[in-house]
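Please examine the model shown below. The dialogue that follows takes up its surface, strands, backbone and salt bridges in turn.

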Amino acid sequence: MSRKLHARRIEGIDKNIWVELTQLAADYKAVNLGQGFPDFSPPSFVQEAFCKALNEGFSMHQYTRAFGHPNLVKILAKFFSRIVGREIDPMEDILVSVGAYQALFCTFQALIDEGDEVIIVEPFFDCYQPMVMMAGGTAIYVPLKPREGCGPVLSSADWVLSPEELASKFSPRTKAIVINTPNNPLGKVYKRKELQMIAELCIKHDVICISDEVYEWLTYDGTKHVKIASLPGMWERTVTIGSAGKTFSATGWKVGWAMGSEHILKHLKTVHQNSVYHCATAAQEAVAVGFQREYDVFGTEESYFHQLPIHLHEKRLRLADCLKSVGLKPILPQGGYFMIADISNLSKKHFKFPDISSTKDEPYDYRFVKWLIKEKGLATIPVSAFYSPEHRNEFQKYIRFCFVKDSTLQAAEDILRQWSDGK
Ligand SMILES: Cc1ncc(COP(=O)(O)O)c(CNOCC(=O)O)c1O
């Protein structure tokens, strides 16, 4: 075929970090602390609910309600009404999607037009930028940066937005701002006052807030997750994104949702009904049972949302200790299940690796990660992949580890310790 085949909207977004590095890790049978998925099963109550749904007659094997299985949207509305502090209408204010990915896609496709600007806070989950581009929008970046004068940067809490720099990014063309809390890859959990700063700018400039909260239950050391939609004046202009995959350690089920005021959600539903239309019925039923159970035990020690962060807290500290012991400098995350580490001072004494100084086509961390997979059999993710092209070079000395792992973590520790012992 001689004529141009692909549409302009996908130009420049063909490279994808997950496709490339997941394949490389598989090719080298690397221990995978890269992609964010647990190496353990979901809790038994949702597994059993899934099995039960599959054996409950024909209806669970057929289409369900397009915008969300009734049992699921009803319990999501009931559950989050209590969190957000307002009545959420299950039939109007919720769209169930194929993972949070599709909820994000519907949001950008439904709300962003050619010429609209979308502020993205860096580091960001990499899909935001291509999704803004595919919708015809322009991404405007504002980086989280280590707070001035805070001494050694040890925690994600030390990475903050400059109020002046953030305010300067808003213009008459700004349609939306995307925030992710707890943040991937940094693990920052926005404080209420930080969210209030963002909320004031959204209200002042009449801007939509897209709040990706897929790691909402994973916070540590008493850090509290705050939903920006619960702040005054924000419900009406916020789309909150959630993920059953991250909530119930069931990333392969691909059940997610967008939640917000009906006058916004109706447009996301238009995209959904003209693309995916339905999501898996039995998986939605299982997630509904899971949320009902969590609603009944909310705030108690029986709650999975209470137990999982405790389980991961130990792994988080264990990984941080391991990284420090081999000369890396971890940034302790307040939330989520990723930890970034500074590789800029890796002592050549302990760590023998070739001179992989940046070349023009690949940042340093990309080359380091690929070398680590090929030569040490350990997969991580370069943090520059979570930055815009214009800021990428400032942040190419960090790599990301995923610690939502059981056996994989031990294997990774063994590799790191052997490596640092010069083996
Ligand atoms: C912030 C964020 N939003 C959305 C999603 C997507 O969620 P879902 O799996 O429900 O589509 C993810 C999943 N990330 O997993 C890949 C990785 O970072 O290793 C995510 O991290």
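**Surface, strands and contacts**

Student: Which residues gather in a patch of negative charge on the surface?
Tutor: A patch takes residues with over 30% relative accessible area and no salt bridge, joining like charges within 9 Å and nonpolar side chains (Val, Leu, Ile, Met, Phe, Trp, Tyr) within 5 Å. Asp and Glu count as negative, Lys and Arg as positive, with His and the chain ends not counted; each charge is placed at NZ of Lys, CZ of Arg, CG of Asp or CD of Glu. The surface patch of negative charge is made up of Glu 87, Asp 89, Glu 92 and Glu 262.

Student: What kind of model is this?
Tutor: Residues are numbered from 1 along each chain as its sequence is written, and side-chain values use heavy atoms, with hydrogens and water left out. Local features need pLDDT of at least 70 and side-chain atom pairs pLDDT 80 or more, while totals for chains, interfaces and linings use all residues, since this is a predicted model.

Student: How accessible is Asp 89?
Tutor: Asp 89 belongs to the loop between helix H3 (70–84) and strand S2 (94–97), where helices (H or I, at least four residues) and strands (E, at least two) are DSSP runs numbered from the N terminus. Buried means under 20% relative accessible area, exposed over 50%, and partly exposed in between, counting protein chains only; areas come from the Shrake-Rupley method with a 1.4 Å probe. Asp 89 is therefore partly exposed, its relative accessible area being 32%.

Student: Why is strand S3 described as largely enclosed by the rest of the structure?
Tutor: On one side of S3, Glu 117, Ile 119 and Val 121 are buried, and on the other Val 118, Ile 120 and Glu 122 are buried, which leaves both faces covered. Strand S3 (residues 117–122) is largely enclosed because the number of its six residues that are buried is six.

Student: Which residue of S4 stands opposite Val 118?
Tutor: Two strands pair if DSSP finds at least two bridges between them. S3 and strand S4 (residues 138–143) pair in the parallel sense over six bridges. In S4, the residue opposite Val 118 is Ala 139.

Student: What is the omega of the peptide bond from Glu 122 to Pro 123?
Tutor: Most peptide bonds are trans. Pro 123 is found in the loop between S3 and helix H5 (128–134). The bond from Glu 122 to Pro 123 is cis, with omega near -10 degrees.

Student: What is the omega of the peptide bond from Asn 184 to Pro 185?
Tutor: Pro 185 lies in the loop between strand S7 (174–180) and helix H7 (192–205). The bond that joins Asn 184 to Pro 185 is cis, with omega near 20 degrees.

Student: What is the phi of Lys 29, and is this residue buried or exposed?
Tutor: Lys 29 sits in the loop between helix H1 (17–27) and strand S1 (31–32). Its phi is positive in a residue other than glycine, near 45 degrees. With a relative accessible area of 73%, Lys 29 is exposed.

Student: What is the phi of Asp 221?
Tutor: Asp 221 occupies the loop between strand S8 (208–212) and strand S9 (238–243). Asp 221 counts as exposed at 55% relative accessibility. Although Asp 221 is not a glycine, its phi is positive, at about 55 degrees.

Student: Which strands stand at the edges of the open sheet of four strands?
Tutor: The sheet has the order S11-S12-S15-S14, with antiparallel pairing. An edge strand has a single partner strand, so one side of it is left without a neighbour in the sheet; the edge strands are S11 (329–331) and S14 (381–382).

Student: How far apart are the N and O atoms in the salt bridge of Arg 173 and Glu 117?
Tutor: A salt bridge is a side-chain nitrogen of Lys or Arg within 4 Å of a carboxyl oxygen of Asp or Glu. Arg 173 is partly exposed at 48%, whereas Glu 117 is buried at 10%. The N to O distance between their side chains is 2.9 Å.

Student: Which residues do salt bridges that share partners join into one network?
Tutor: Lys 370 forms a salt bridge with Glu 362, the closest N and O atoms being 2.4 Å apart. Lys 370 is buried, with a relative accessible area of 15%, and Glu 362 is buried, with a relative accessible area of 15%. The network consists of Glu 20, Glu 362 and Lys 370.

Key: Buried means under 20% relative accessible area, exposed over 50%, partly exposed in between (1.4 Å probe, protein chains only).
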